[in-house]
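Here's a quick tour of one protein model. Have the sequence and the 3D view open as you read.

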Amino acid sequence: MLKITRAVNGEVVIKLSGRMDAENMGELETLVRKEADDRRIVFDLRDLTLVDQDAVSFLKRCEEDNITFKNCPAYVREWIGKERGRSKRRKR
C-alpha cells in the first residue's frame with residue numbers, strides 16, 4: 001500500500017510512504033498533472049519501502065520532467081540510473 005501526503009509551502013512536496021507499484025501510478029500521475037502549474041514539485045521518498053519496475057520507470061520520467069527527489073533511497077537511485085543507461089542504449 002502506498003500512502004501519499006501533500007504539503008504546499010511555495011513548492012509542492014509529495015511524500016510517498018510504503019510500497020509503490022503499478023497499482024498506484026494512476027493516482028500519482030493525476031496528482032502530478034494537477035500540480036504541474038507553475039510550482040516546483042518535490043517527491044520526498046524517505047519512507048518508501050519497496051518499488052517495482054513500473055514505479056522506477058515512473059520516477060525516471062518524473063525526474064526527466066524536473067520533479068526533484070528528496071531523501072531518495074540508494075537502491076531506488078541506483079535502479080533509476082540503470083534504467084536511464086538502458087534507455088540511452090536502446091536509442092542508439
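Let's start with Asn-24, which is buried because its relative accessible area is 12% (buried is under 20%, exposed over 50%, partly exposed in between, using a 1.4 Å probe on protein chains only). The model is predicted, so local features need pLDDT of at least 70 and side-chain atom pairs count only at pLDDT 80 or more, while totals for chains, interfaces and linings use all residues. Residues are numbered from 1 along each chain as its sequence is written, and side-chain values use heavy atoms, with hydrogens and water left out.

**Around Asn-24**
- You'll find Asn-24 in the loop between β2 and α1 (helices are DSSP runs of H or I with at least four residues, strands are runs of E with at least two, and both are numbered from the N terminus).
- Setting aside neighbours within four places in sequence, Asn-24 is in contact with Leu-2 and Arg-19 (contact means heavy atoms within 4.5 Å).

**Strand β3 and its partners**
- β3 covers residues 41-44, with Ile-41 and Phe-43 pointing one way, Val-42 and Asp-44 the other, and all of them buried.
- In a regular strand, side chains alternate between the two faces of the sheet.
- β3 pairs with β2 (residues 12-20) in the parallel sense over 4 bridges (two strands pair if DSSP finds at least two bridges between them).
- Asp-44 in β3 is the bridge partner of Lys-15.
- β3 also runs parallel to β5 (residues 68-70), joined by 3 bridges, and Phe-43 stands opposite Phe-69 in β5.

**Arg-84 on helix α3**
- Arg-84 sits in helix α3, which spans residues 74-91.
- Is Arg-84 buried or partly exposed? Arg-84 counts as partly exposed because its relative accessibility is 25%.
- Not counting residues up to four places away in sequence, Arg-84 touches Lys-60, Glu-63 and Glu-64.
- The C-alpha atoms of Arg-84 and Leu-16 are separated by 22 Å, and these residues are 68 apart along the chain.

**The largest pocket**
- The largest pocket has a volume of about 240 Å³ (on a 1 Å grid over the protein atoms alone, a pocket is an open set of points where a 1.4 Å probe fits, with protein on both sides within 12 Å along at least five of seven lines; lining residues have an atom within 4 Å of a point).
- It has 13 lining residues, and the closest to its centre are Val-32, Arg-33, Cys-62, Asp-65 and Ile-67.
- α1 and α2 (53-64) are the elements that give two or more residues to this lining.

Terms used:
Points joined across faces, edges and corners; volume = space filled by probe spheres on them.
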